[in-house]
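Hi,

Here is the structure I said I'd pass along. Have a look at it first, and then read on for my notes.

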Amino acid sequence: MEKKLLDYDVGAGVDLFLLIKSSTKGIASNGKPFLSLTLQDKSGELEAKLWDVKETDEEHYAPQKIIHIIGDIQNYRGRKQLKIRQIKQATATDHLVPADFMETAPVNKEEMASEITQYIFEMKNANLQRITRSLLKKYQAEFYDYPAAVRHHHEFVSGLSFHVLSMLRLAKAISDLYPSINRDLLYAGVILHDLGKVIELSGPVSTTYTLEGNLIGHISIVVEEVSKVATELDIASEEVVVLKHVLLAHHGKGEWGSPKPPLVREAEILHQIDLMDATMNMMDKALGHTKPGEFSERVFGLENRAFYRPSFD
């Protein structure tokens, strides 16, 4: 099997075609410009610095460009980084497209759509079901295509729907264990909690934040969407208010982006399973490229901790 970017150990040389996910211009301490590049393939992404850049380099090595790199994997502050020795743009004769370098969810879109639709079908509360079904139908194409984030967790094609599906499976198991939970409210919260990201984010390729994402954010966006669809469907009931609270509270704390802390059971459960699924995704990603008996790279999204992979794993 052909080795991918994250399959290489520190000290190894690489000779790869890669996709530029992001490119940011900076000025070094000596006053010379450089580019900070985030490079990716289907295994994941690494940072790289391009020094002594020319005026044309910012255009040549912009996001969504495919490049050929020869370089070395090095350790920088506990994380792998790619040191560039040679870099050039791919050409049409290389017959490469961005999709060749993009990680995708481990479950295909059709299977995820079928299973998520079944969860909606099982909802007995007509108001919650109608709101959920209507919003998912409105943004269906984006929902099954977009990542769940720019970085940290589920930052791959169809990551948003895969994150939701994983959370729905957790929600079902928890609801079976604790019958006092309002299953319909929890399912609606899970399906809709990150739906605002189809407006907050630019799309699956070289994902960035949109103007709405930077100024409003996905939580406020989805609450506004719920209000609009409830008006369109002529639903004016307590379910709308409580559902909006569940969505507003799903980050758990104000310092984590939630305008309100969880004040109903389903809001607390949604927050916990959202955190659990995101955490597991980050840990699995880090440990998936870690040898048994060694520590992973530091994971910025998890308090910069490095995780140990037991030798018997």
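How many bridges join strand β6 to strand β7, and in which sense do the two strands run? There are 3 bridges between β6 (residues 295-299) and β7 (residues 305-308), and the strands run antiparallel. Before you zoom in, bear in mind that this is a predicted model.

If you want a landmark in that pair, look for Arg298, which stands opposite Ala306 in β7. The hairpin of β6 and β7 has 5 residues between the strands.

Now for the barrel. It is closed, has 5 strands in the order β1-β2-β3-β5-β4, and its pairing is mixed. On average, neighbouring strands in this sheet are turned by 50 degrees against each other, with direction ignored. One of the pairings is that of β1 (residues 13-27) with β2 (residues 33-41), which is antiparallel and extends over 8 bridges. In that pairing, Ile27 is the residue that stands opposite Pro33 in β2.

Last stop, the surface. Leu211, Leu215 and Ile216 make a nonpolar patch there of about 340 Å². Leu215 belongs to helix α8, which covers residues 211-215. Is Leu215 buried or exposed? Leu215 counts as exposed because its relative accessibility is 66%, and the cut-off for exposed is over 50%.

Let me know what you make of it.

Cheers

Conventions. Residues numbered from 1 in each chain as written. Predicted model: local features only at pLDDT ≥ 70, side-chain atom pairs only at ≥ 80, totals over all residues. Heavy atoms only, no water. Patch = residues over 30% accessible without salt bridge, like charges linked within 9 Å, V, L, I, M, F, W, Y side chains within 5 Å. Areas by Shrake-Rupley, 256 points an atom, 1.4 Å probe, with all protein chains shown as cover. Salt bridge = Lys/Arg side-chain N within 4 Å of Asp/Glu carboxyl O. Helix = DSSP H or I, 4+ residues; strand = E, 2+ residues; numbered from the N terminus. Buried < 20%, exposed > 50% of the residue type's maximum accessible area, 1.4 Å probe, protein only. Pairing = 2+ DSSP bridges. Axes fitted to C-alpha atoms, helices over the stretch in contact; angles between N-to-C directions.
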